[in-house]
Amino acid sequence: MTALNIAVAGASGRMGRMLIEATLQDGTAKLAAAFDRPGSPAVGKDAGEALGVQTGVAIGDQPEAAIAQATCLIDFTRPEGTLEHLELCRRHGVAMVIGTTGFDEAGKAAIAAAAQEIPVVFAPNMAVGVNLVFKLLDTAARILNEGYDIEVVEAHHRHKVDAPSGTALRMGEVLAQALGRDLADCAVYGREGVTGERDPSTIGFATVRGGDIVGDHTVMFCGLGERVEITHKASSRMTFAMGSLRAARFLAEKKSGLFDMQDVLGLR
Ligand SMILES: NC(=O)C1=CN([C@@H]2O[C@H](COP(=O)(O)OP(=O)(O)OC[C@H]3O[C@@H](n4cnc5c(N)ncnc54)[C@H](OP(=O)(O)O)[C@@H]3O)[C@@H](O)[C@H]2O)C=CC1
Ligand SMILES: O=C(O)C1=N[C@H](C(=O)O)C[C@H](O)C1
């Protein structure tokens with residue numbers, strides 16, 4: 001089996017801490033390096049300090065040095081950070097699991113270009129259950145393809161900076177594709193004022209931000225006399241971290257290519 005030497009970007013972030021814990025618990029993976037932004041109070045501390053364990057791996061502030069020690073970088077940071085790390089992974093031939101959301105089209109294109117040289121899993125949600133929901137949504141949209149208004153509602157913690165969530169947008173893409181629509185043409189992001197009646201060809205999005213909500217997504221198919229709702233609720237970030245390690249293991253056998261969790265889980 002190929003060695004799984006994991007580097008974690010954004011080591012002191014909500015997902016970074018969870019990824020370090022999951023890697024330390026995993027019997028087949030090794031924490032090779034962890035890093036944060038220069039000036040972060042976490043720099044210089046042991047990567048296990050927040051968990052009360054000594055790992056011998058200090059959190060660094062030099063992404064290139066960290067990446068050079070790894071076979072796979074797991075990155076849940078911000079688009080601008082992820083794109084810098086992507087270039088370093090390409091330079092060092094290191095695989096990458098990207099969980100960061102909020103990329104623009106140019107960022108997505110840069111990821112696709114790098115994936116011609118290194119293997120990349122890029123997915124807005126690493127939870128197995130959410131990836132099952134994508135399949136359920138495809139089926140539901142094909143069956144409820146007329147007479148049902150579709151609305152995507154997501155709720156996240158107060159610190160989340162992008163909206164709608166990457167997962168909600170992917171749900172929209174799955175729904176639009178199943179219905180033969182283009183999401184760019186039919187998405188409605190929030191409503192205010194005198195909006196007029198609902199256009200049946202649209203897919204609506206609503207965003208809730210508050211407290212410590214880990215991540216809830218509901219898709220409503222609203223017909224006359226009935227409503228179908230498909231909901232996923234994450235209650236721990238460990239589900240995303242475990243999925244990320246599964247993705248890293250999947251990449252260990254790959255030379256290059258752009259994949260998502262549907263590929264990792266064999267759901268294509
Ligand atoms: N795909 C999935 O399954 C999931 C995806 N996410 C996504 O992961 C991302 C991170 O979420 P979360 O952990 O909650 O966020 P946090 O803000 O808690 O953590 C982000 C980490 O990245 C660092 N960072 C920020 N900007 C940069 C940069 N430009 N370069 C390098 N590092 C940077 C932060 O450092 P500092 O503190 O110094 O700013 C911090 O350590 C988000 O995009 C979120 O949507 C989250 C959960 C699941
Ligand atoms: O920022 C988060 O926390 C999450 N972000 C992801 C997204 O934008 O879809 C996934 C998850 O819901 C948590």
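Select residues 5-126, which UniProt, in an unreviewed entry, labels "domain: Dihydrodipicolinate reductase N-terminal"; UniProt positions follow the numbering used here, feature names are shortened, and annotations may be inferred rather than shown by experiment. This is a predicted model, in which local features need pLDDT of at least 70 and side-chain atom pairs count only at pLDDT 80 or more, while totals for chains, interfaces and linings use all residues. Residues are numbered from 1 along each chain as its sequence is written, chains are lettered from A and ligands numbered from 1 in the order in which they are written, and side-chain values use heavy atoms, with hydrogens and water left out.

Over residues 5-126 the chain is 34% helix and 20% strand, with the end C-alpha atoms 19 Å apart. Helices (H or I, at least four residues) and strands (E, at least two) are DSSP runs, numbered from the N terminus.

Next, pick A33 in strand β2 (residues 29-35). Why does A33 count as buried? Its relative accessibility is 4%, and buried means under 20% relative accessible area, exposed over 50%, partly exposed in between (1.4 Å probe, protein chains only). Leaving aside residues up to four places away in sequence, A33 touches I6, A7, V8, V57 and A66; contact means heavy atoms within 4.5 Å. The C-alpha atoms of A33 and A66 are separated by 5.3 Å, although the two are 33 residues apart along the chain.

Move on to the open sheet of five strands, ordered β8-β9-β7-β10-β11 with mixed pairing. At its edges are β8 (187-189) and β11 (227-234), each pairing on one side only. Two strands pair if DSSP finds at least two bridges between them. Neighbouring strands here are turned by 15° against each other on average, direction ignored.

Inside this sheet, show β7 (residues 149-156) and β9 (residues 203-209), which run parallel and are joined by seven bridges. V153 has A206 in β9 as its bridge partner.

Axes are lines fitted to C-alpha atoms, for helices over the stretch in contact, and angles run from 0 to 180 degrees between N-to-C directions.

Finish at ligand 2. Which residues surround ligand 2? They are T101, P124, N125, H156, H157, K160, S165, G166, T167, V214, H217 and F240, each with a heavy atom within 4 Å of the ligand.

- H157: a polar side-chain atom lies 2.8 Å from an oxygen atom of ligand 2.
- G166: a polar backbone atom is 2.9 Å from an oxygen atom of ligand 2.
- T101: a side-chain N or O atom is 3.5 Å from an oxygen atom of ligand 2.

Key:
Polar contact = N/O pair within 3.5 Å; in protein donor to acceptor, adjacent residues only side chain to side chain.
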